[in-house]
Amino acid sequence: MQAKKRYLILFSAGVSLILLFYLQEPASRGTPNRGDDPHPHWPHFSDPLRAFIPWDQTETEDYNVRASPRHKRDDNSGAYKCRMDSCFDFSLCGRNGFKVYVYPQQKGEKISESYQNILSSIEGSRFYTSDPGQACLFVLNLDTLDRDQLSPQYVHNLKTKIQNLKLWNNGRNHLIFNLYSGTWPDYTEDLGFDIGQAMLAKASISTENFRPSFDISIPLFSKDHPRTGGERGYLKYNTIPPFRKYVLVFKGKRYLTGIGSDTRNALHHIHNAEDVVLLTTCKHGKDWQKHKDARCDEDNAEYDRYNYKEMLHNSTFCLVPRGRRLGSFRFLEALQAACVPVMLSNGWELPFSEIIDWRTASIIGDERLLLQIPSTVRSIHQDRILSLRQQTQFLWEAYFSSVEKIVLTTLEIIQDRVLQHNAHSTLMWNRLPGGLFTLPQYSSYLGDFPFFYAVLGVKPQQKFTAVIHEVTPLVSQSQPIFNLLVAVAKSQYCAQIIVLWNCDKPLPAKHRWPATSVPVVVIEGESKVMSSRFLPYENIKTDAVLSLDEDTVLSTTEVDFAFTVWQSFPERIVGYPARSHFWDPNKERWGYTSKWTNDYSMVLTGAAFYHRYYNYLYTHYLPSSLKSMVDQLSNCEDILMNFLVSAVTKMPPIKVTQKKQYKETMMGQTSRASRWADPDHFAQRQTCMNKFASWFGTMSLVHSQMRLDPVLFKDQVSILRKKYRDIERL
Amino acid sequence: MCASVKYGSRGPALIPRMKTKHRIYYITLFSVVLLGLIATGIFQFWPHSIESSAEWSLDRRSVHDAPLVRIPMSSPISERGDLSCRMHTCFDVYRCGYNPKNKIKVYIYPLQRFVDEVGVPISSTGLSREYNDLLSAISDSDFYSDDVSRACLFIPSIDVLNQNSLRIRETAQALAMLPRWDKGTNHLLFNMLPGGPPDYNTALDVPRDRALLAGGGFSTWTYRQGYDVSIPVYSPLSAEVDLPERQPGPRRYFILSSQTAIHREYRVELERLKEENGEALLLLDKCSNLSQGLASVRNRCYKGQVYDYPQILQESSFCVVLRGARLGQATLSDVLQAGCVPVIMADSYILPFSEVLDWKRASVVIPEEKLPEMYTILKSIPHRQVEEMQRQARWFWEAYFSSMKAIGMTTLQIINDRIYPYAARTYEEWNNPPVVKWTSVNSPLFLPLIPPRSPGFTAVVLTYDRIESLFRVITEISKVPSLAKLLVVWNNQNKSPPEESLWPKVAVPLKVLRTKENKLSNRFFPFDEIETEAVLAIDDDIIMLTSDELQFGYEVWREFPDRLVGYPGRLHLWDHEMGKWKYESEWTNEVSMVLTGAAFYHKYFNYLYTYKMPGDIKNWVDAHMNCEDIAMNFLVANITGKAPIKVTPRKKFKCPECTAIDGLSLDQTHMVERSECINKFASVFGTMPLKVVEHRADPVLYKDDFPEKLKSFPNIGSL
């Protein structure tokens, strides 16, 4: 009993002591005596502290004694590393704008297919000039793509060949393309010749060697990469939830030893054969058996068990680890497959990093933190996956799907640097439809383009400008153009009417035109060619353009209705005469039809609204070869416009309600109508279709099965209730 | 209380058996314990008051109390800054670790006063007011950690903001003496005025090895992209002068130059511009007749006329920011604060926070060489663009320039974004001012896709107990070629669905989902069973829709997968008399909603409705058993900024005799409630997102004089 009590007492005393100690602890932590830890937070000092920059020192610096601020700017020009202001001669670009010269190809000079594609992309672009005197940028005729000495594509004696170029000028204003540099074992980024002050457009470039705003990082692409057009992205629909069968996949070589081998050798640590499938093979090169390690046999067997394509299409994320070089083919493959790339390549300057915000389309990992990668990708929210995935597709189609796009993007970036204040903005590059279709020379204000209304939270202007294309002289007052002028002018949305006088006869006197409430401006076409109807005339101040043929028959109601529809779809062509295209399997070419069909893919510009930006794009984006074809034929300009707009939007145009007699009147007695009746005219249009499709590299037209009608169109309700009555009246 | 009661109930059984002596023992023991507890309690409170008085005395701490550290002459000095440093080479990322908050931990060294062997301080200023503000702000932020062993980033308390006040060599020695210096790894230095006469280097000259530099006035030659952070030069006027924000718009002057230390070559060029363009330009210089000091800072002069600085900056559309001896100019901050668009002419200058800020939206950068063309260049900028820039400039100042705190937090956030790039702030978060964030629409389904026809759509039929009607709807829908699956959402908990054998035989899978509660939101649940992206929501009494109409609706949805594509069209109107929104179900010329009694939409919107519906709308709808369709219209319109699409003329859905307003909807109170819904939702969304359009979608050959059998969708009902 005694012992028991003693224990009890001891126990209680112990408990109370512990309690006391425990309760004291937090209190003592707060005591002012901080002993070992003198400052948990930055103290508040009561002294009057001095400003870091004394009042009298703010701007009165003693540098005015210096000779010239220009000196200061040129200080670094001698350095080996380059910047635009030290290694680039801007004066060459001042006179003729941004023009690119390609050295003529010499006989006997071997040029790889990829480089040939690059050169012909430049030659086919609007930047090309064949006159070196006009050029601002020079591109070599020597294949510099593969500078791996062990490669069969390697070009020898490049050094002397380049030194012999008369215009070389130590590489000033030259652009050198390169995909591979260095070789086993260290894979340096040296090209094996002195690039002087030339700019590098190089794949797998590292941040250390990258000269910011001077070099351009391009993606590594295979020799099978199409020259133009290119495949579309694989994403066909947005599944919800956006998760796929695998979370993360990779399939590729493992290098066992040497540079860049660490990361791939370690991949097996996070491979779980379920949703994280990272496969490597040791089988490559001749003597892989020599370096073979303990894991190789197991890895190789696992490697053969999976199909790469299947994995690519069924994974949410795709690992893009560095190989021997920093970039790998996996990158573009993942991008196209809408498999969000997970970068594992420390120090790789990502492709077009100057303009693309890669964080919106990829996950940037750190090789050092490989083991964290699975938890990182699993933590990505599904909304983010949805947006990352769509962005991969946008970027793929905008900048990567063909050699031409890669080359044009490179040139646009350089042009941006030359134009500076007139350069693309970040949003232009990173939002649909992308920088190749959004030309900042048109306007630096995003609201002037049809693509950014939602992003800016603004609306297009509530007015339109009608442009009537006139090719026949005014003979009688009964000509359709008079009715058209009056009808269009009556529209409450009409700001002004422009008559484009493309007729060989001299301009009629002012009084011949009907009196209208809106101003009518007559512009005499200089060259009187077809393409001039799409010139970006300064007189057009409104966002919307109503393009009209002289013989178009439209009522005011129809104009009003089409315009209200256009306001909902400002990036598309919205109008009346619809046409369709189809693939003719017998002739293996595209066909054109004006028959009534259940779908359409074009809305002709004889009566259609579109954004005035497309005038600019038509004039400045399309190559002169297509425009001159249109001018020579005096035909197809409307088809070309449809190709262009659909290439930009990837969407069909919009047809609005048809008034029934439209077609019959089209076949009236005017000269224009006779043009339509001409069988040659129709055959030409077939030819145009195929010519355009080949230049765009793909058939950009898209079919639609619907038409937009007024809400109560032909409904059995009182006509008085309907806003757009005239459309139903015959 | 509770314990004593317990004790009392047990007490009598235990205590009487003990002897008195022991009882005393116990009593003393418990008194000791009790006293102890009381004492602790008092201590708990007491020290608090002691501490707060200590805090108060802390407030009164002086920099002179900081420990003095003598730097031995032979103390090692760091290497010069390593120009090849990048995050993956010089930064120890293991210190930052993986953490669910994706936030780095920042440690600040305690203040020390460094002096050389003879006792001369290493800096003439010591701790400056600005650096103290900066460190206080970091210390008060979420980034701060007082645990040096867990920190990812270290900030020395050695003030190097202004190189002019530093003794370079001794400062470098002091840095190298820091206990965790380790070649400067993961150390961050803040410097705003780098270099010194005569050549004015563009980065801090203090040898700092691998330390990151947050510097004002970097050039492309000294800036290590992705490693250093370019910061603004803080203008003391930011705190001193309150410039109210002005509405963007035209200003009295077009271009204004206010800097006083402009090189004479540039001043000559500016004056030439002034001659050419007259009143549009205002060229200010320092006032020669005024005394030095504060007055010279707050005044500028032109031909003897005195102007208040920085107020005068608000009177111009564009303000020149030319290179001085250094590239970074405090003027930039003043100009932004005034909402004047800076025209920056400082070749190779790395603009502040250029890693995340889009300066094109707030400034015009012109090469120094093109100074004579400045006027022409600026004139070519569209007016609306200038207004955007004015707004943006002001906002940049407020968010990133206005205080040392703003500058410090932005710097840390940039570094944080590099370490956790997958959780980084987006371009929009960095660059969109609140007003743009509010009005701009970023549709989550932004890619222009026309999904293939083949996966078809899943019809989700909401039903309670109208079996007969339900079966008719199922039979009708099952004729639609693109139907992939039928889901019946059985919302009746009191009654089981009919036996399987009684259901109509359909060619596609049919599944009945029984719900736990009779809620309207059940119909919008993103069921796993919905495997297609297209969902057809349909009520169990919509029997009039033909197979052609439904198939056509699906085709239209494919062209507009980010919209609601449906049959019953409705409109919202502003009731001027009542001053509120009104619901309209009459047949009008306009449409702003399509009801989900029969509508196609993307499954994503199910997910949004269920998990992302703003405010209490979802519960409100479930409680009122009404307006789920209106809520869905609000949701979709708000996130996409687009109007729904009404397909085909169909207006009657339940029976040919019915009017447009059928069943439930006939009820007058029901209509009132739906108007209320619109008002309620508009207030929750804070805006009226619905868009009114005047069109509907019909098949291309609808009502055309064309053989019916050649039409894809001949059977389109007229009403």
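Across the interface of chain A and chain B in this predicted model, 51 residue pairs are in polar contact, both residues being at pLDDT 80 or more. A polar contact is a pair of N or O atoms within 3.5 Å; within protein, one must be able to donate a hydrogen and the other to accept it, and residues adjacent in sequence count only if both atoms are side-chain atoms. On the side of chain A that touches chain B, the largest share, 13 residues, comes from helix 1 (residues 2-30) of chain A. Helices are DSSP runs (H or I) of at least four residues and strands are DSSP runs (E) of at least two, numbered from the N terminus. By class, this side of chain A has 60 nonpolar, 49 polar and 37 charged residues. Ala, Val, Leu, Ile, Met, Phe, Trp, Tyr, Cys and Pro count as nonpolar, Asp, Glu, Lys and Arg as charged, and the others, Gly among them, as polar.

Chain A gives 146 residues to the contact and chain B gives 166 residues, where contact means heavy atoms within 4.5 Å. The two chains bury about 14,000 Å² between them, with 55% of it on carbon and sulfur atoms. Buried area is the accessible area (1.4 Å probe) that two parts lose on being put together, summed over both.

Seven salt bridges are counted between chain A and chain B; a salt bridge is a side-chain nitrogen of Lys or Arg within 4 Å of a carboxyl oxygen of Asp or Glu. One of them joins A:Lys723 and B:Glu694, at 2.5 Å from N to O. Over all chains the structure holds 58 salt bridges. Within chain A, A:Glu310 is paired with A:Lys245 in a salt bridge whose closest N and O atoms are 3.1 Å apart. Because A:Glu310 lies in helix 10 (residues 308-313) and A:Lys245 in the loop between strand 8 (216-217) and strand 9 (246-253), this pair ties together parts of chain A that are 65 residues apart in sequence.

The domain assignment, which is automatic or from a database, divides chain A into domain 1 (84-217), domain 2 (246-398) and domain 3 (464-660 + 673-708). The centres of domain 2 and domain 3 of chain A, taken over C-alpha atoms, are separated by 48 Å. In chain B the assignment gives domain 1 (63-230), domain 2 (236-402) and domain 3 (457-697).

Residues are numbered from 1 along each chain as its sequence is written, and chains are lettered from A in the order in which they are written. Local features need pLDDT of at least 70, side-chain atom pairs count only at pLDDT 80 or more, and totals for chains, interfaces and linings use all residues, while side-chain values use heavy atoms, with hydrogens and water left out.
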